[in-house]
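The sequence and the model may be read alongside the text.

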Amino acid sequence: MEETGATERDLAAAAINARRRAARNPRALLKSPLTEDTYFREPYIAEPFRRVDCTVEVDGACAVLVTSLELARDLRLPPALIASSGWHTHSFDLDMGSILTYESGAKNFGHFMKDRLFAEAGISASDLDAACLYDCFTGVLLQNIEGFGLCPPGGAGELIRNQMDDPSLPQINPSGGLLAEGYLHGINHVAEAVWQLQGMAGPTQVRDCKHVMVCSGGMMDGAAMILTRDARG
Amino acid sequence: MGAEGLSLQNFNEALSRGVIAVSICSACGRQQVIPSVSCFSCGATQLQMKEHNGYGVIFSWVTCHYPFDAAWQAEVPYIVALVEIDGGGRVYGRLLDVPAGFRLRAELPVNLDASETAAKSYPVFRLRGK
């Protein structure tokens, strides 16, 4: 927030988006609606994070079957294709340790891998129909949106507010994400992305969904994929 | 100490005396605060331990309204700061006596409060010039 000028209203946008989308998701844990008014009445846990800025711990499981395109096309359900994937780390440290050595929170792992990720997939961030981005806290979602270049630094709050009512923009965390569906460490983002591309996301389905980005991680270490709908399907 | 790097035991022992211990990489010169057997910059394992003067600036902070440990319930809300110490490296610590209504920001100068640090066995900082 010091670096990009992000405000608590931008954090609120992430929490509101999560609840609004979770309300349509039968699997989601937190479906009660949230407005800016009710957001700002929520108690702080670790300021600037309030209770609704933090994910909800949950027990659950997802399974993703990875196989060759040839075998996948032989199955009953249409496959999602991995158009590109990658992992980025930082220095000799791991995970939370990077907080002690990173140069800029506005340049998280996504900043360093986005060019290759999108180039290998042959698309740009504006081509995404949906993005299932790791959101253990609202602030991490802002970092991922900006790190992967879905908008300029400091613009994530505005993008989240705009995409809620503009289907031409990438739809951010259509399931409600880890913030509201539940914290399955990000594997539920992968499952949601696959369902979106299979057209099986039900009430959270993004219309004509062809390209979805998924990521896990928020600071200096993390992984990401771009998944696409099978053109033959 | 010396070529053994900075162990958690060394780090905690220094804290109990009100001092932050750091290590300096013999290969690349980098200073780091995290107890480790190797340098985060170059991976070298020849690290020299050194006592730091406790001066630095705020890198980031949160105000805890919910205590991480139940023993700190009476202290909420308290501030946990990530401090970049002079010469490089970051360390977490409490930040005490921030005046009500004072707007914290990155880069504000702080220094270690040795007696509070020794009493608590975790780093305790104060704003410099406040």
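## A nonpolar surface patch

In this predicted model, four residues of chain A, namely V64(A), V66(A), I82(A) and I187(A), make up a nonpolar patch on the surface. Together they present about 340 Å² of accessible area.

## An enclosed helix in chain A

Helix α5 of chain A covers residues 138-147, and ten of its ten residues are buried, so the helix is largely enclosed by the rest of the structure. The buried residues of α5(A) begin with T138(A), G139(A), V140(A), L141(A) and L142(A) and continue with Q143(A), N144(A), I145(A), E146(A) and G147(A).

After α5(A) comes G149(A), a residue with a positive phi near 75°.

## Strand β6 and its partners in chain A

Strand β6 of chain A, residues 211-217, is mostly covered, since five of its seven residues are buried. On one hand, β6(A) runs parallel to strand β4 (residues 130-132) of chain A, to which three bridges join it. Within β6(A), M213(A) is the residue that stands opposite A131(A).

On the other hand, β6(A) runs antiparallel to strand β7 (residues 222-229) of chain A, and seven bridges join these two strands. The bridge partner of G217(A) is G222(A) in β7(A). Strands β6(A) and β7(A) form a hairpin, with four residues between them.

The loop between α8 (187-198) and β6 of chain A contains D208(A). Although D208(A) is not a glycine, its phi is positive, at about 50°. With a relative accessibility of 44%, D208(A) counts as partly exposed.

## A three-stranded sheet in chain B

Chain B contains an open sheet of three strands in the order β2-β1-β3, with antiparallel pairing. Strands β2 (31-32) and β3 (47-52) of chain B stand at the edges; each has a single partner strand, so one side of each is left without a neighbour in the sheet.

Strand β1 of chain B, residues 20-25, pairs with β2(B) in the antiparallel sense over two bridges. Opposite I24(B) stands Q31(B), which belongs to β2(B).

## Backbone details in the loops

Which peptide bond at P48(A) is cis? The bond from E47(A) to P48(A) is cis, with omega near 15°. P48(A) itself lies in the loop between β1 (44-47) and β2 of chain A. In chain B, the peptide bond from V76(B) to P77(B) is cis, with omega near -10°. The position of P77(B) is in the loop between β4 (55-64) and β5 (78-85) of chain B.

Chain B also contains E107(B), which has a positive phi of about 85° although it is not a glycine. E107(B) is found in the loop that links β6 (90-96) and β7 (109-112) of chain B. The relative accessible area of E107(B) is 58%, and E107(B) is therefore exposed.

Definitions and conventions:
Residues numbered from 1 in each chain as written. Chains lettered and ligands numbered in written order. Predicted model: local features only at pLDDT ≥ 70, side-chain atom pairs only at ≥ 80, totals over all residues. Heavy atoms only, no water. Buried < 20%, exposed > 50% of the residue type's maximum accessible area, 1.4 Å probe, protein only. Pairing = 2+ DSSP bridges. Patch = residues over 30% accessible without salt bridge, like charges linked within 9 Å, V, L, I, M, F, W, Y side chains within 5 Å. Areas by Shrake-Rupley, 256 points an atom, 1.4 Å probe, with all protein chains shown as cover. Salt bridge = Lys/Arg side-chain N within 4 Å of Asp/Glu carboxyl O.
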